[in-house]
Each structure stands twice: as C-alpha cells, then as structure tokens.
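Q: Could you walk me through this one, feature by feature? I'd like the general idea each time, then the case in hand.

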Amino acid sequence: MTVHNAEQIKSTVREHYADLVRSDESCCSPSDCCGTEINIEEALKGDFANQNEYTDVQLSSIPNDAIENSFGCGNPLMYADICEGDVVLDLGSGAGIDVLLAAQLVGASGRAIGIDMTPEMIEKARKNAEEAAAKNVEFRLGEIESMPVEDGSVDWIISNCVINLAPDKDLVFREAYRVLKPGGKLLVSDIVANHLPKWLRSTISNWANCISGALPEDQYLDSIRRAGLEGVQVLNKSPYAKIGKAEVASIKVRAIKPDRTYALQ
Ligand SMILES: C[S@@+](CC[C@H](N)C(=O)[O-])C[C@H]1O[C@@H](n2cnc3c(N)ncnc32)[C@H](O)[C@@H]1O
C-alpha cells in the first residue's frame with residue numbers, strides 16, 4: 001500500500017481543481033470530481049446532493065460561471081440562519097458560489113470571505129464577484145489548515161465539500177475554532193464514508209473526487225468536538241455513492257463555539 005504525505009495529497013488536489021477550471025469544464029455531477037481509479041458514475045447508487053439544493057432564485061442571482069464551476073455536495077446556506085451584518089467565512093470557496101450567496105444575506109454591513117488554496121479558483125472567484133458587483137466579498141489565497149484570518153473574527157464558517165479533501169481534519173477544525181467569535185457557528189456540507197476499503201483510502205488519485213479522504217461519520221463528528229466546538233449535530237444526510245460495502249454520504253453538520261464570556265460574568 002502506498003502511503004502519501006499531506007503535501008503530496010494537497011498538491012494533487014490543487015492540481016485537480018486547477019485543471020477543472022483551466023479547461024473550464026462545468027462540474028455538476030460527482031463524475032466530474034472523479035479520479036481515474038474508480039468510476040463514480042458506476043459507483044453511484046441513489047440520489048446525490050449537489051446544486052439541486054439551491055433555489056432557482058438563488059441560482060438566478062449570481063453569475064453563471066460561479067454555478068457552472070461549483071463542485072459542492074449540497075447547500076450549506078440552507079441550514080444557516082445568517083443575519084445582516086454577519087461575517088461569513090467559506091472554507092475552500094472554489095469559484096465563489098456560496099460566498100456570493102452569503103454576501104447577499106449579510107448585506108452591506110457584513111462581509112463574506114472565501115479561502116482557497118488553488119490560485120486558479122481564487123482568480124475565477126474574484127472575476128465572478130466583480131461580475132456580480134459584490135462589494136462586501138473577499139477571496140484570500142490560503143490553506144484551511146492555516147487560515148489567513150484573525151482570531152475570533154467570524155460569525156459563521158461555512159464549507160461545501162472541502163474538509164474531506166484535507167489530510168488532517170483536526171487541524172482544520174482547530175483553525176475553525178480559532179477564527180470563530182465566541183458563539184459563532186460552523187455549518188458544513190461534506191462527505192463522510194463508512195467501510196471504505198483500505199485500497200481506496202490509500203490511492204492518491206481518488207482524494208480529489210471527495211471519496212478517499214472522507215472519514216467515517218463518527219470520526220468526522222469527533223474531530224469537530226475535539227477542536228472544542230459544541231452542539232455538534234447532523235441536520236441532514238443523503239446518499240452520495242455506494243462502492244461495494246462502502247457507504248458514502250453527504251451530510252450537513254452544525255456546531256457552535258461556546259461563549260465562555262457569559263460564564264465569567
Ligand atoms: C470540491 S471543490 C468545492 C468548491 C466550492 N466549495 C463549491 O462548492 O463549489 C474543493 C475546493 O477546495 C479547495 N481546497 C481543497 N483543499 C483545500 C485546503 N486544504 N485549503 C484550501 N482550499 C482547499 C480546492 O482548491 C477546491 O477549490
């Protein structure tokens with residue numbers, strides 16, 4: 001079995017997403033996120049969740065390019081009661097779909113920030129923000145394992161089909177805890193996988209398709225709790241793929257950073 005280090009995995013993932021937007025192919029099905037070792041179309045049984053969780057109103061309010069280059073596994077905003085004036089941070093923002101939609105919710109007094117490690121994605125997202133004339137939006141090149149964001153500065157962290165791609169999920173959730181304000185919330189749409197065969201976990205070409213790096217659900221939730229986030233709750237779960245005995249699902253998870261300032265008063 002080949003063991004790959006975190007940097008090898010991240011550079012494979014970065015190259016994969018850069019290629020997708022360089023060739024400007026649209027991606028709205030899991031096959032577009034597929035590596036070469038397994039055929040996700042073949043593996044897919046049942047429904048999968050991606051863009052069809054967005055409403056027509058949402059989709060008609062942002063540039064087509066942001067929709068055509070979206071690679072998510074659900075709509076994290078469906079479950080987030082974001083308010084005007086909030087600061088929202090999207091981990092792995094891609095071409096910007098969720099940042100642009102969050103920007104509408106927070107209004108002129110709020111901000112929506114996206115982080116992505118792929119320069120081609122950041123470039124695309126910035127163009128989409130310009131086309132949408134979104135002034136309260138910012139895209140930062142960086143890794144979600146070391147977020148270019150100040151401590152305790154965001155009300156919401158959202159993410160769509162990204163954390164499964166990170167080799168060290170604990171690091172990502174610890175960073176999420178650091179940048180959230182006390183009382184701030186995390187709402188992620190992501191992939192989890194139970195009973196994945198070892199060969200699939202260890203093949204680097206299948207990381208980028210959101211399968212090989214997916215943790216079993218209980219381990220994913222434990223990783224969030226270990227970071228210090230509380231009230232961890234799965235709000236929705238839908239099947240994504242079935243590969244042999246492996247069950248791959250898209251989940252929406254909410255958690256909150258406790259506000260200890262109340263306890264001190
Ligand atoms: C499956 S796409 C999802 C993009 C976007 N969230 C969407 O819904 O369209 C994964 C994105 O996460 C980014 N990404 C993956 N791992 C990352 C990491 N460790 N740090 C920052 N960005 C990462 C990739 O560059 C890519 O743009």
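A: Start with burial: a residue is buried if 20 or more other C-beta atoms lie within 10 Å of its own, exposed if 12 or fewer, and partly exposed in between, with C-beta atoms placed from the backbone. Aspartate 81, with 10 C-beta neighbours inside 10 Å, therefore counts as exposed. Keep in mind that this is a predicted model, where local features need pLDDT of at least 70, side-chain atom pairs count only at pLDDT 80 or more, and totals for chains, interfaces and linings use all residues. Numbering runs from 1 along each chain as its sequence is written.

Q: Where is aspartate 81 found?

A: Helices (H or I, at least four residues) and strands (E, at least two) are DSSP runs, numbered from the N terminus. Aspartate 81 sits in the loop between helix H4 (64–68) and strand S1 (87–91). Its C-alpha atom is separated by 9.9 Å from that of leucine 187, 106 residues apart along the chain.

Q: How many helices and strands does the protein chain have?

A: You'll find 10 helices and 7 strands. Of the 265 residues in the protein chain, 48% are buried.

Q: What does leucine 89 touch?

A: Two residues are in contact if their C-beta atoms, placed from the backbone, lie within 7 Å. Leaving out residues up to four places away in sequence, leucine 89 touches Ile113, Ile115, Val149, Val154, Trp156, Ile157 and Val179. As for the chain's contacts between residues at least 6 apart in sequence, 75% join residues at least 24 apart.

Q: And phi: what should I look for?

A: Most residues other than glycine have a negative phi. Here, alanine 133 has a positive phi, near 55 degrees, and histidine 195 has a positive one near 60 degrees. Alanine 133 belongs to the loop between helix H6 (119–131) and strand S3 (137–141), while histidine 195 lies in the loop between strand S5 (180–194) and helix H8 (198–201).

Q: Is alanine 133 buried or exposed?

A: Exposed, because alanine 133 has 7 C-beta neighbours inside 10 Å. Histidine 195 is exposed too, with 11 other C-beta atoms within 10 Å.

Q: Which residues come nearest the ligand?

A: Being near a molecule means having a C-beta atom, placed from the backbone, within 6 Å of it. Of the 26 residues around the ligand, Gly72, Gly92, Gly94, Met117 and Thr118 come nearest. H1 gives the most to this shell, with 4 residues.
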